[in-house]
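Work through the exercises below with the coordinates open. Each task is followed by a stepwise solution.

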Amino acid sequence: MLRALFQPITDVVTRWVASRRPKGRSVELKQKNIFIFPTVAGWAYLTVCLVLYLVAINYQNNLIHGVSFLLIALGVLTIHYTFFNLSGLTVSAVKAGHCYVGEMAEFSLNVEANNLRHYENVHLCFRGEEGGQYFYLGATRERRVTLYVKARKRGYLTPGLLKIETVFPFGLLRAWSWVALDLSATVYPKPHKGRLPATFNEDVDGRLGNENKGDDFSGLDAYRPGTSLRHIAWKQYAQGRGLLSKNYVGQESQKIWLSWEAWSELSTEARLSVMTYWARECEHQQQEYGLSLPHTSIKPATGPDHLHRVLTELALFRAKDSDRE
């Protein structure tokens with residue numbers, strides 16, 4: 001009943017706070033978006049000041065009057081110092097690190113002072129996350145801060161609102177601001193070692209697990225992107241003959257396709273986890289691999305960029321009719 005009664009007031013306050021919440025890749029903190037309120041210690045301090053003032057009036061004691069006025073003046077100064085310990089800071093989104101489900105996603109922020117003031121004991125953390133990080137700005141006018149968020153599911157991870165706060169200098173007041181930074185990380189499916197699909201022949205299977213050392217050398221050929229590093233003719237490259245690759249009798253370049261239909265007996269998430277594992281394994285062995293998903297296909301290749309592209313497609317995959325869960 002009470003909640004319904006105060007709901008209109010709560011909605012108005014929520015909209016007002018949201019309108020003062022800065023958004024974007026880079027946000028400057030100033031009077032419009034900084035809030036300040038007493039802490040528990042601050043309320044206790046205010047109570048002591050009030051009690052002393054009332055005692056001074058009641059007993060007409062000049063010494064108590066002086067002490068109460070001194071404490072009140074100190075409290076007023078604290079308001080300014082606490083506010084100035086946030087005002088003038090610029091918080092910018094730098095980058096977000098990619099990770100797998102169950103790991104901690106890394107978000108890098110840059111904090112810069114737009115004036116010559118020192119900033120002390122300022123705390124940064126994302127809403128709903130524990131820990132965070134404290135920083136100090138002195139002679140160095142900017143600092144890189146790294147925060148971590150638990151990746152609980154695959155896809156894009158947006159960390160939510162960033163809270164920046166301080167209780168400097170005496171812990172009597174808390175100044176804070178909520179910042180909506182434009183920053184997100186890609187969370188890949190958690191790798192799980194499943195079986196190789198039946199479409200992989202024994203030669204490819206063997207090459208994923210072992211080095212092929214018994215093939216006979218047959219000559220050199222021009223280097224092609226994606227060729228295994230162990231097949232590059234490094235000696236000839238050192239002689240200035242360019243980048244060449246070694247050919248072996250009986251060994252042909254096998255291209256692996258990570259196909260959605262190859263693990264039809266698994267659920268959607270299990271399939272994505274197995275495909276993630278084999279994509280990483282192929283990349284580790286420098287074996288060309290491609291991806292085949294419903295409505296999506298990536299040609300076989302190798303390299304960090306190719307791996308990121310494949311894992312991103314797996315992370316963002318949304319099954320429809322093919323979902324077996």
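The exercises cover a helix, the nonpolar cores and the cysteines.

This is a predicted model, in which local features need pLDDT of at least 70, side-chain atom pairs count only at pLDDT 80 or more, and totals for chains, interfaces and linings use all residues. Residues are numbered from 1 along each chain as its sequence is written, and side-chain values use heavy atoms, with hydrogens and water left out.

**Exercise 1.** Compare the span of helix 6 with the expected one, and state how enclosed the helix is.

Solution. Helices (H or I, at least four residues) and strands (E, at least two) are DSSP runs, numbered from the N terminus. Helix 6 covers residues 268–284, 17 residues in total. The expected span is 1.5 Å times one less than the number of residues. From first C-alpha to last, helix 6 reaches 24 Å, close to the expected 24 Å. Just after helix 6, Gln-286 has a positive phi of about 60 degrees.

**Exercise 2.** Describe the largest nonpolar core.

Solution. A nonpolar core is a set of buried Ala, Val, Leu, Ile, Met, Phe, Trp, Tyr and Cys residues joined through side-chain atoms within 4.5 Å. The largest has 33 residues, and Leu-86, Leu-89 and Phe-107 are among those with the most contacts inside it. Strand 6 gives the largest share of this core, 5 residues. Apart from it lies another core of 25 residues, including Tyr-188 and Tyr-277.

**Exercise 3.** How many disulfides does the whole structure hold?

Solution. The criterion is a pair of cysteine sulfur atoms within 2.5 Å. The search finds 0. Cys-99 is buried at 3% relative accessible area, and Cys-125 is buried at 12%.

Methods
Buried means under 20% relative accessible area, exposed over 50%, partly exposed in between (1.4 Å probe, protein chains only).
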